[in-house]
Amino acid sequence: MPKLGEILSQKLYGENIGGELYQFASKIYPICRSITGNGVRETLRHVKSVVDIDIHEVPSGTEVFDWKVPREWNIRDAYIKGPNGEKVVDFKVHNLHVLNYSIPVNKKLPLAELKKHIYTMPDQPDLIPYRTSYYKDNWGFCMTHEAMQKLPDGMYEVFIDADHNDNGSLTYGEYLHRGETEDEFLFSSHCCHPSLANDNCAGISVNAHLARALSGVRTRYSYRFIFAPGTIGSITWLARNRETAKRIKHGLIVSCVGDPGGPTYKRSQRADALVDRAVEHVFKTTEKAPNIIDFSPYGYDERQYCSPAFNLPVGLILRSKFGEFPEYHTSADNLDFIKPECLARSYKGLLEIVDIVENNYKAMNLEPNCEPNLGKRGLYGAIGGDKNAYDANLPVFWVLNQSDGTRSLLEIAARAKMPFERIHAAARMLSENGLLKIV
Ligand code: ZN
């Protein structure tokens, strides 16, 4: 007979989990990441200091489905010097200043020519935008619109010391916690954005710490954590792990989980998978204004996991929705934008989702002829009429009433509009006292 496991009652985090998550995000925030290169490796080394991930290198040029692993990009320095010889843009001040994946350049040119290679946001004139050019050779700089408008006419010197290596590789990290079954729960975070705190230092931090927490407990499912560059990283992983992918029974892409907005959940393509229902239930019972949206083929790596050949039950969990918060893909997505308490809420929410998936059994009431006499078993200790007794006993009555063997604990929790944890605790108590059989 299966036994109800315990996730939430174990000490899977200390009181300062928010601070720990924030500190880790701060550590990796300054690194200049991209879809390949040393920034990803350095980030994964930090992840490895939290949980013992395997780090994989896939050579540039490797065919992965309809794509090819790109040449590896590394950058050392970049700047623009104005007519008087002073730096007006400096990569060393902010790594968003360089168009990510820029080809090298070293030349002098007039302002009008230079402007063709400068990206700004006129509607957010005080912020630096984040721009990339992965698959088209180009060079460029990003800066605030205000600063660009102040550039005087004259000749400018542009310098980007970067290279694209044909013999390089794409790097990703992976951790597997083995549970009682080979069926897997996948958690994945993209690790390709440079200095953007919410998108996705926050997700990397939450995922790394969740992996560490689960590594120390016995679980029914196996848990796989992937830290890979967006799009090309998940395509590469899926191309190399077609058999493993079949074992994924639940999955979440974890992005933008550190800001005070949301939370947001984008359903898997299937829309009614257990993970979809679990996230919705956790959001509805613990958050004030959850935003639950249907699947669309635009967003993060859920696009790859939900593509027709795989169609895995993988959703996307965020706080504010990508593309909709003003800080998105700008220099305002910095360490002031993410908050320890928001990271902690995301982390605890994921543990609650894990708890549901681990324990969503159906149960059978073994005393179904009217209500069993809880008092004679010492299970109804409180004084009649006490309001606290009503609160304490209500989940027990829900479980007894609904457990005819056809309904899962999550379905009961949803009908009772109660946190899963309370229904789960009642079911555990009843099964330990011989009143309930887990089927
Ligand atoms: Zn992004």
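Mentor: Let us begin with Tyr298, which sits in the loop between β15 (291–293) and α9 (302–305). Please keep in mind that this is a predicted model.

Trainee: Is Tyr298 buried or exposed?

Mentor: Tyr298 counts as exposed, because its relative accessibility is 61%, and the cut-off for exposed is over 50%.

Trainee: Which residues is Tyr298 in contact with, leaving aside neighbours within four places in sequence?

Mentor: The contacts of Tyr298 are Lys266, Arg303 and Phe322.

Trainee: Are His193 and Asp199 buried or exposed?

Mentor: Both His193 and Asp199 are buried.

Trainee: And Asn198, where does that lie?

Mentor: Asn198 lies in helix α5, which covers residues 197–215. Asn198 counts as buried because its relative accessibility is 0%.

Trainee: What does Asn198 touch, not counting residues up to four places away in sequence?

Mentor: Asn198 touches Gly203, the run Ser255, Cys256, Val257, Gly258 and Asp259, and also Phe325, Asp333, Phe337 and Ile338.

Trainee: Moving on to strands: how many residues of β12 are buried?

Mentor: Strand β12 spans residues 222–228, and seven of its seven residues are buried. In a regular strand, side chains alternate between the two faces of the sheet. In β12, Ser222, Arg224, Ile226 and Ala228 point one way, while Tyr223, Phe225 and Phe227 point the other way.

Trainee: Which strand pairs with β12 in the antiparallel sense?

Mentor: That is β10, residues 169–177, which pairs with β12 over five bridges. Within this pairing, His177 has Tyr223 of β12 as its bridge partner.

Trainee: And which strand runs parallel to β12?

Mentor: Strand β11, residues 184–190, runs parallel to β12, and seven bridges join them. Here the bridge partner of Phe187 is Phe225 in β12.

Trainee: There is also an open sheet of four strands. What is its order?

Mentor: The order is β5-β4-β9-β6, and the pairing is antiparallel. At the edges stand β5 (87–90) and β6 (105–110); each has a single partner strand, so one side of each lacks a neighbour in the sheet. From one strand to the next, the twist averages 15°.

Trainee: How many bridges join β6 to β9?

Mentor: Six bridges join β6 to β9, the latter being residues 155–165, and the two run antiparallel. As an example, Lys108 has Glu157 in β9 as its bridge partner.

Trainee: Now Met148, please. Where is it found?

Mentor: Met148 is found in helix α4, residues 145–149. Met148 counts as buried because its relative accessibility is 12%, and buried means under 20%.

Trainee: What does Met148 touch, not counting residues up to four places away in sequence?

Mentor: Met148 touches Lys115, Ile118, Thr120 and Met143. The C-alpha atoms of Met148 and Glu184 are separated by 50 Å, and these residues are 36 residues apart along the chain.

Trainee: How is the chain divided into domains?

Mentor: The domain assignment gives domain 1 as 17–69 + 169–359, domain 2 as 72–165 and domain 3 as 362–438. Taken over C-alpha atoms, the centres of domain 2 and domain 3 are separated by 64 Å.

Trainee: What can you say about helix α10?

Mentor: Helix α10 covers residues 340–359 and has 20 residues. From its first C-alpha to its last it reaches 29 Å, close to the 28 Å expected at 1.5 Å a residue. Of those 20 residues, 15 are buried, so α10 is largely enclosed by the rest of the structure.

Trainee: Finally, how many helices and strands are in the chain?

Mentor: The chain has 13 helices and 19 strands. Its C-alpha trace spans about 90 × 45 × 35 Å along the principal axes, and 56% of its 439 residues count as buried. Among contacts between residues at least 6 apart in sequence, 80% join residues at least 24 apart.

Key. Residues are numbered from 1 along each chain as its sequence is written. This is a predicted model: local features need pLDDT of at least 70, side-chain atom pairs count only at pLDDT 80 or more; totals for chains, interfaces and linings use all residues. Side-chain values use heavy atoms; hydrogens and water are left out. Buried means under 20% relative accessible area, exposed over 50%, partly exposed in between (1.4 Å probe, protein chains only). Two strands pair if DSSP finds at least two bridges between them. Axes are lines fitted to C-alpha atoms, for helices over the stretch in contact, and angles run from 0 to 180 degrees between N-to-C directions. Contact means heavy atoms within 4.5 Å. Domain bounds come from an automatic or database domain assignment. The expected span of a helix is 1.5 Å times one less than its number of residues.
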